[in-house]
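This report describes how parts of a protein chain are packed together. Please study the sequence and the structure before reading on.

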Amino acid sequence: MVRWSRGGALEDLAVEPLRPGALVPSALETNLVDSAAVQSSVEKVCHRLHVREGDAAVLLPDPVIRVFIQHFEDFPRSSEEALPLLRWRLRKSVPFDLEEMLVSYTRQAPRENGVNVVTALARLPIVREYEQVVRASKLRPGVVLSSSIAAVALLDDRRPTLMVRIAGNALTTAIVRGGMLCGYRCTELPVDRRELAPRMLLDEIFPVAAYYQDISQERVQSVVVSGLGDRLRDFSPVLEEEFHCPVHSLLQSALKSGRVPDPARGLADRELEGLLGWMWYRA
């Protein structure tokens, strides 16, 4: 948990570990396997930060939220017309009923005619699990966002940038250019992250990069990676050979570009890039 000042500065940070298996991220099944343990952890960080009530943004694990980027020749301006259209168009893309589909979207300007729409979908009962824990601590969940979507704000996207982010056994691949999300995919790693090999990672992220390069006729020009720690040096040569561009740590890139102010260095030290990215959303 992070507490921000009204002016947007980071005031304090508290981290409370969960026991293994207490929370299992999933788009379909119950996430809070031990809801009492999760509730206790939330209450502890609230106590340590002297938070008693207020609005809160909740950053969820990537597997909980499905993200789609779609092109429309014509797209409704009003949400009353747009939401039913998105639900109908994506009804076969998610393994849950329309009645349980929580939908959020944003418009993007494409390079060609029409409009690109980034849509986030989640199963309502699962989002409610997290919201109930937050509300039980007397906080009001006003924003619910996937952690990688928040982390995208850390990218220097003046050129096509491929972000590769590993959290637990979830692998998220995203491509951003000029403030627009151009590709996104979240999958489960085929092996435990400690057993992941460079070629295996390349096989997992290549489909998103290949699709972008085919559609845009523009190659990826920068790769940033999160979640490998010291092992990044073993993966960089393979990724650099494939994409013909430099490969850097996501957080190191953000630090060098000045996107991590000094008061927020504690978030970088703990590799909490989702919370760092949320700083830019708030701004």
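In this predicted model, helix H9 (residues 273-282) is largely enclosed by the rest of the structure, because seven of its ten residues are buried. The buried residues of H9 are Glu273, Gly274, Leu275, Leu276, Gly277, Trp278 and Met279.

As a general principle, nonpolar side chains in soluble globular proteins tend to be buried together.

Is leucine 201 buried or exposed? Its relative accessibility is 0%, and because buried means under 20%, leucine 201 counts as buried. The C-alpha atom of leucine 201 is separated by 9.1 Å from that of leucine 239, although the two residues are 38 residues apart along the chain.

| Residue | Residues in contact |
|---|---|
| Leucine 201 | Val164, Ile166, Leu171, Leu196, Leu228 and Phe235 |
| Leucine 276 | Leu154, Leu251, Val260, Ala264, Leu267 and Ala268 |
| Serine 41 | Glu16, Pro17 and Leu18 |

Serine 41 lies in helix H1. With a relative accessibility of 11%, serine 41 counts as buried, since this value is under the 20% cut-off.

Helix H1 (residues 35-48) packs against H3 at an angle of about 45°, and the axes of the two helices are 9 Å apart. This angle makes H1 oblique to H3. The crossing of H1 and H3 is right-handed.

Which residues of H1 and H3 meet? From H1 there are Val38, Gln39 and Val42, and from H3 there are Gln132, Val133 and Ala136. By type, the residues of this contact between H1 and H3 divide into four nonpolar, two polar and no charged. The spacing of such positions can be read with a general rule in mind: an α-helix has 3.6 residues a turn, so residues three or four places apart point the same way.

Methods: Residues are numbered from 1 along each chain as its sequence is written. This is a predicted model: local features need pLDDT of at least 70, side-chain atom pairs count only at pLDDT 80 or more; totals for chains, interfaces and linings use all residues. Side-chain values use heavy atoms; hydrogens and water are left out. Buried means under 20% relative accessible area, exposed over 50%, partly exposed in between (1.4 Å probe, protein chains only). Contact means heavy atoms within 4.5 Å. Helices (H or I, at least four residues) and strands (E, at least two) are DSSP runs, numbered from the N terminus. Axes are lines fitted to C-alpha atoms, for helices over the stretch in contact, and angles run from 0 to 180 degrees between N-to-C directions. Angles under 35 degrees count as roughly parallel, over 145 as roughly antiparallel, 65 to 115 as roughly perpendicular and the rest as oblique. A crossing is left-handed if the near helix is turned anticlockwise from the far one by less than a right angle, and right-handed if clockwise. Ala, Val, Leu, Ile, Met, Phe, Trp, Tyr, Cys and Pro count as nonpolar, Asp, Glu, Lys and Arg as charged, and the others, Gly among them, as polar.
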